[in-house]
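Here is a short note for a colleague opening this structure for the first time. Please keep the model on screen while reading the points.

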Amino acid sequence: MLFLANPNNPTGTCLSFDEVKRLHRGLPGHVLLVLDAAYAEYVRRNDYEAGIELVATSENVVMCRTSRKSTGWRACGSAGCRTRRCRRCHQPHSRPVNVSGAAIAAGIAAIEDIEHQERSREHNTRWLDWLTQEIGKLGLQVTPSVANFVLIHFPETKGRTAKDADAFLMARGLILRQTTAYKLPNALRMSVGTEEANRLVVGALKEFLAKTA
Ligand SMILES: *Cc1c(COP(=O)(O)O)cnc(C)c1O
């Protein structure tokens, strides 16, 4: 099985559909290609496809999607509403995650709220560009992202590393994600937030870099 997160997390980068098709052509027929398109809704690039066409035309391609990233359906989609009792009685071939009736109702409502999703996408496009530019202006490298987060790279210099920045931001109530577990020890992943949150993070990063200059 070949598992491809496209767009990828935590880099926010993606492969074009041509590249995905080339990858698929090169695979032996017995290898299952799993396309994880969790962030597909946010991609504005014309050469990207989540892969439904490949699923329809091949025997060995599966595509995964989630409603959690684009609908804002977080509270009920996450562990809070998944019940312990159900998880304990799982059979090997049953679904890996159970959700409560309330969570299912909330999920359906969220998926049906197309207007909200379109607003989220527009908000994301606008602020993803803004964050990439503004953080870049501070002298930090930002991986160009097509998703709803940016990966920010920090200098190796003592006092200016990702760990130092994380502590500095945390003390101000700004929570980014360390990416050490992804073998990116000197970077932080920041989700696109509200205008207020985005501006606060950029302001705090500016302060952080000035303090340690
Ligand atoms: C969030 C995410 C998912 C799906 O998360 P669920 O909570 O299971 O819906 C899948 N793949 C990637 C790469 C993700 O970031």
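1. Start with Glu41, which sits in the loop between β2 (33–36) and α2 (52–57). Helices (H or I, at least four residues) and strands (E, at least two) are DSSP runs, numbered from the N terminus. This is a predicted model, in which local features need pLDDT of at least 70 and side-chain atom pairs count only at pLDDT 80 or more, while totals for chains, interfaces and linings use all residues. Residues are numbered from 1 along each chain as its sequence is written, and side-chain values use heavy atoms, with hydrogens and water left out.

2. What does Glu41 touch, leaving aside its neighbours within four places in sequence? Glu41 is in contact (heavy atoms within 4.5 Å) with Arg65, Ser70 and Arg121. The side chains of Glu41 and Arg65 are joined by a polar contact of 3.1 Å. A polar contact is a pair of N or O atoms within 3.5 Å; within protein, one must be able to donate a hydrogen and the other to accept it, and residues adjacent in sequence count only if both atoms are side-chain atoms.

3. Look at the ligand next. Asn9, Asp36, Ala38, Tyr39, Thr66, Arg68 and Lys69 surround the ligand, each with a heavy atom within 4 Å of it. Asp36 places a polar side-chain atom 2.5 Å from a ligand nitrogen atom. Tyr39 has a polar side-chain atom 2.7 Å from an oxygen atom of the ligand. For Lys69, a polar side-chain atom lies 2.9 Å from a ligand oxygen atom.

4. Check the backbone too. Most residues other than glycine have a negative phi, and most peptide bonds are trans. The peptide bond from Asn6 to Pro7 is cis, with omega near 0°. The bond from Asn9 to Pro10 is also cis, with omega near 15°. Pro7 is in the loop between β1 (2–5) and α1 (17–25), and Pro10 lies in the loop between β1 and α1. Lys183 is not a glycine, yet has a positive phi of about 65°. Its loop runs between β6 (177–178) and β7 (187–191).

5. Now the helix pairs. The axes of α6 (residues 162–170) and α7 (residues 195–211) come within 10 Å and cross at roughly 125°. Axes are lines fitted to C-alpha atoms, for helices over the stretch in contact, and angles run from 0 to 180 degrees between N-to-C directions. The two helices α6 and α7 are therefore oblique to each other. Angles under 35 degrees count as roughly parallel, over 145 as roughly antiparallel, 65 to 115 as roughly perpendicular and the rest as oblique. The contact is made by Asp164, Ala165, Phe168 and Leu169 of α6 and Val201, Ala204, Leu205, Glu207, Phe208 and Lys211 of α7.

6. How do α5 (residues 114–137) and α7 pack? Their angle is about 10°, with the axes 11 Å apart. Helices α5 and α7 are therefore roughly parallel to each other. On the α5 side, the contact is made by His123, Trp127, Trp130, Leu131, Glu134 and Ile135. From α7 come Glu195, Asn198, Arg199, Val202 and Leu205.
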